[in-house]
Amino acid sequence: MIITLFPPYPKTKSFFITFFYRFYHYRGKGSSSPDSTPTLFNNLLNHTTQTNNIKHVSQIHTHLITNDFISISFLFNNLLNSYAKCGFINRSLLLLFSTAAHRVSKNVVAWTTIVTRMFHNGEPFKALLLFRQMRCSGLVPNQFTFSAALPACGETEILIHGKQLHSLVWILGLETHLFVSSALIDVYAKCFDMVSAEKVFDEMSERNVVSWNSMITGFFKNEFYDKGVEFFKEVIRESLVSPSEVSFSNVLSACAKMGTLEFGGQVHGVVVKHGLESLSYVSNSLIDMYCKCGGFNNAVKLFQIRGDSFRDVVSWNIMVSGFISNNKFEDACNLFWIMRREGLKLDEVSYSSALNASASLSALNQGILIHDQVIKSGFVQNSSVLSSLITMYSKCGSLIDAYCVFEETKDRNVICWTAMITAYQQHGYVNKVIESFQEMIREGMKPNYVTFVTVLSSCGHAGLVEEGFAYFDSMTKIYGINPGHEHYACMVDLLGRAGRLDEARRFVESMPMKPKSSIWGALLGACKNYNNLEMGKEVAEKLFVLEPDNPGNYVLLSSIYRDNGRLEEADQVRRLMEFNGIRKASGCSWIDVNQE
């Protein structure tokens, strides 16, 4: 009996491999073998995905053809899935569109399989193209097809795609399916349309924890933190829905971004109440939240409580990053070497974080040792690690080594280019910044948000006003990047350094967003350079509200008064600092003696 020889779900992979070998071994010798039935081949295909052995899939494919089973729909669909799961999505496509497959009735299951696998392979646009081809073939997608197509649509972040699929969902009457509605919420959230996402959510007759998580994640992704927190609190109050680890992880990540330590502590209490504190996903989010919200000691305690057996590389990476964000760079480096001694399998985040700590210390020797470990571990061509190496060498004063790392990079992406451009900017080579930026464009690389911050800053230091405005305008017109506060601050600094203070003030007032302290700070610095007392007073008053504890703003205003001979007013500003309990930090320098 087939059931005796081959159970539907064997407990181990070795069982399947042994059976597979014996099956083909007997057939090759002409000996008796298990009956070649569709069920047998279907079971074989089910378990090839466990071993990821493309050779086995190809052999089964051959026997499906010789036994004339390839036209059986469920075998054909399973074969498509097996090729894709083994990492050979192109073979799945070749099988789907081959001449030999024309006699196979390619139903909606086959198309859904290939759309799903294409999306999971990181090709959302190709997944949508296959969905379109399925529609052109006359087949009607079902709810499972949309559960594959909608996530692909969300990854493209193109709203019109989402609205088109939403219309088709309504035409086919599939909006009542819970997972289709949840996927629609996710699409709108990823396409930055939370109004439509909330409308879909409100129209749902039934909701589960996935639906609530989609809304919470969407609000946090679009930086509507208050709304996301409100939905989370509603999940806690909802009697029919119990928050999952995803719910807690999302809200803790939001707390980390908002810096709300008190609310984060309250969420921690709810986590304990639901008994989820032992889950790595939640525990790591708690440690990260405390690190970023000023509760670093609590983060250390949580990390220690977990114990060695429950700490994974993510936990260690979070602690290293926590030490860095709390300016404990030496501790971060020490923790990295402890990770090495513990025998943990380090990833690119581990090496990037350690390199960033070395860069912050300007500890070149430490960085070189970490570079050695990068080479030994095989991360020498990882873009994240390479950009961190370039930054480390640059901040440690070795621009030549930074350039050597950049030159040895085989596949340079925008992160590596930006790191090298930033290195030139830090060392004052403005011409090299512009040349590298132009070279990056010629190679077909699209600059990102950070690239433009570096280029605009360089233009400001070099007095290239017209060039700076040209790059600023190209952000939206050519590259589709909306300027952020950092870019506006660079432009204000550009105009301020050129002495065009009135123009800089008008530029700030014309901003489509509320100016942050960095922008007013750039203008105050320009007022100091050009002794513009009236404008300096106005700008300083705004900064005292935005940054009441920043001593630099008081010092700048006091200097402006002194430069204009207004010594009494300058002393008043200094006394105001003392009255508010604000002290200017003393300057300090680091020196390296005998590598210590």
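Q: Axes are lines fitted to C-alpha atoms, and angles run from 0 to 180 degrees between N-to-C directions; on that basis, at what angle do helix α24 and helix α25 pack, and how far apart are their axes?
A: In this predicted model, helix α24 (residues 399-407) and helix α25 (residues 414-426) pack at an angle of about 160 degrees, with their axes 11 Å apart.

Q: Why is α24 called roughly antiparallel to α25?
A: The angle between the two helices is about 160 degrees, and angles over 145 degrees count as roughly antiparallel, so α24 is described as roughly antiparallel to α25. The crossing of this pair is left-handed.

Q: What makes up the contact of α24 with α25, by residue and by class?
A: From α24 come L399, A402, Y403 and F406, and from α25 come C416, W417, M420, A423 and Y424. Leu, Ala, Tyr, Phe, Cys, Trp and Met count as nonpolar, and the contact accordingly has nine nonpolar residues, with no polar and no charged ones.

Q: How do you know that α17 is roughly parallel to α19?
A: The axes of helix α17 (residues 280-292) and helix α19 (residues 313-325) come within 9 Å and cross at roughly 5 degrees. Angles under 35 degrees count as roughly parallel, and therefore α17 is roughly parallel to α19.

Q: Which residues of α17 and α19 meet, and how do they divide by class?
A: N284, I287, D288 and C291 in α17 meet V314, S315, I318, M319, G322 and S325 in α19. This contact divides into five nonpolar, four polar and one charged residue; Asp counts as charged and Gly as polar.

Q: Why is S457 counted as buried?
A: S457, whose place is in helix α27 (residues 449-462), has 16% relative accessibility. Buried means under 20%, so S457 counts as buried. Leaving aside neighbours within four places in sequence, S457 is in contact with Q425 and C490.

Q: How many helices and strands does the protein have, and what share of its residues is buried?
A: The protein has 34 helices and zero strands, and buried residues make up 47% of its 596 residues. Among contacts between residues at least 6 apart in sequence, 60% join residues at least 24 apart.

Note on methods: Residues are numbered from 1 along each chain as its sequence is written. This is a predicted model: local features need pLDDT of at least 70, side-chain atom pairs count only at pLDDT 80 or more; totals for chains, interfaces and linings use all residues. Side-chain values use heavy atoms; hydrogens and water are left out. Helices (H or I, at least four residues) and strands (E, at least two) are DSSP runs, numbered from the N terminus. Angles under 35 degrees count as roughly parallel, over 145 as roughly antiparallel, 65 to 115 as roughly perpendicular and the rest as oblique. Contact means heavy atoms within 4.5 Å. A crossing is left-handed if the near helix is turned anticlockwise from the far one by less than a right angle, and right-handed if clockwise. Buried means under 20% relative accessible area, exposed over 50%, partly exposed in between (1.4 Å probe, protein chains only).
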